[in-house]
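Welcome! Here is a friendly walk through one protein model, taken a region at a time. Please keep the picture in view as you read.

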Amino acid sequence: MKKVTIHTDGSCLGNPGPGGWAAILEYCPKGGTPFVKKISGGEAGTTNNRMELTAAIMALSALKEKCQIDLSTDSTYLKDGITRWVAGWIAKKWKLSDGKPVKNRDLWERLVGLTNEHEVTWHWEKGHDGLEKNEECDRMARSEAEKIRKKG
């Protein structure tokens, strides 16, 4: 099974506001040349959390076969949501403990489906801390959000 490293980030200029997402996917075949794919996009009238989720969804959607993945994010919402909270949300029919509906359910459902297709290990890394790939994803996501704002 291929081993892929993914870094993701989301950005929003206002919350809600124009947003961007970005991901860097890296695969290095044994004895081969490393392969790097960078993807990004944006949406108008979105939130930072939606962009964080979208970055992970788009990165996983870009894979063409089942992979072993190390996915790094600076979003505790994304990491804790997928590793700690989502099973309870599903068990409670997408309701929080106070009975309110889970926000971003559409994206969480997509992410759950994609994670079931792969072996994903989730990692949290501190944002804006000089980590090269995290910083690059941040720049890419912010650039996408700024493009959307200029179109606005």
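This is a predicted model: local features need pLDDT of at least 70, side-chain atom pairs count only at pLDDT 80 or more; totals for chains, interfaces and linings use all residues.

Two strands count as paired if DSSP finds at least two bridges between them.

## Strands side by side

Let's start with strand S4, which covers residues 67-73. On one side of the pairing list is S1, which runs parallel to S4 and is joined to it by six bridges. Here valine 4 stands opposite isoleucine 69 of S4.

S4 also pairs with strand S5 (residues 119-124), again in the parallel sense and over six bridges. In this pairing, aspartate 70 faces threonine 121, a residue of S5.

Is S4 enclosed or open? Five of its seven residues are buried, so S4 is largely enclosed by the rest of the structure. As a general point to keep in mind while looking at strands, side chains in a regular strand alternate between the two faces of the sheet.

## The largest pocket

Rolling a probe the size of a water molecule over the atoms shows where empty space is left. In this model, the largest pocket holds about 260 Å³ of space. Its lining includes Lys2, Val4, Leu25, Phe35 and Cys67.

Which strands supply the lining? Strands S1 (2-12), S2 (17-27) and S3 (35-46) each give at least two residues, and S2 has the largest share, with three.

## A buried leucine

Now look at helix H3 (residues 105-115), where leucine 111 lies. With a relative accessibility of 0%, leucine 111 counts as buried, because the cut-off is under 20%.

What does leucine 111 touch? Leaving aside residues up to four places away in sequence, its contacts are Leu53, Ala56, Ile57, Leu60, Leu78, Ile82 and Trp122. One of these, leucine 78, is 33 residues away along the chain, and the C-alpha atoms of leucine 111 and leucine 78 are 9.9 Å apart.

The structure has four aromatic pairs. In one of them, the ring centres of tyrosine 77 and tryptophan 108 are 5.4 Å apart and the planes meet at 65 degrees, so this pair is edge-to-face. Tyrosine 77 belongs to helix H2 (residues 76-91) and tryptophan 108 to helix H3, so the pair ties together parts 31 residues apart in sequence. Both tyrosine 77 and tryptophan 108 are buried.

Another pair joins tryptophan 89 and tryptophan 94: with centres 6.4 Å apart and planes at 40 degrees, it is tilted. Tryptophan 89 counts as buried at 10% relative accessibility, and tryptophan 94 counts as buried at 8%. Ring pairs link Tyr77, Trp85, Trp89, Trp94 and Trp108 into a cluster.

## Backbone details in the loops

Where does proline 16 sit? Its place is the loop between S1 and S2. The peptide bond leading from asparagine 15 to proline 16 is cis, with omega near 15 degrees.

The loop between H2 and H3 contains tryptophan 94 and also asparagine 104. Tryptophan 94 has a phi near 60 degrees, a positive value in a residue other than glycine. Asparagine 104, likewise not a glycine, has a positive phi of about 65 degrees. At 14% relative accessibility, asparagine 104 counts as buried.

Note on methods
Residues are numbered from 1 along each chain as its sequence is written. Side-chain values use heavy atoms; hydrogens and water are left out. On a 1 Å grid over the protein atoms alone, a cavity is a set of points where a 1.4 Å probe fits but cannot get out, and a pocket is an open set with protein on both sides within 12 Å along at least five of seven lines; lining residues have an atom within 4 Å of a point. Grid points are joined across faces, edges and corners, and a volume is the space filled by probe spheres set on the points. Helices (H or I, at least four residues) and strands (E, at least two) are DSSP runs, numbered from the N terminus. Buried means under 20% relative accessible area, exposed over 50%, partly exposed in between (1.4 Å probe, protein chains only). Contact means heavy atoms within 4.5 Å. Rings of Phe, Tyr and Trp (its six-membered ring) pair if their centres lie within 6.5 Å; planes under 30 degrees apart count as stacked, over 60 as edge-to-face and the rest as tilted.
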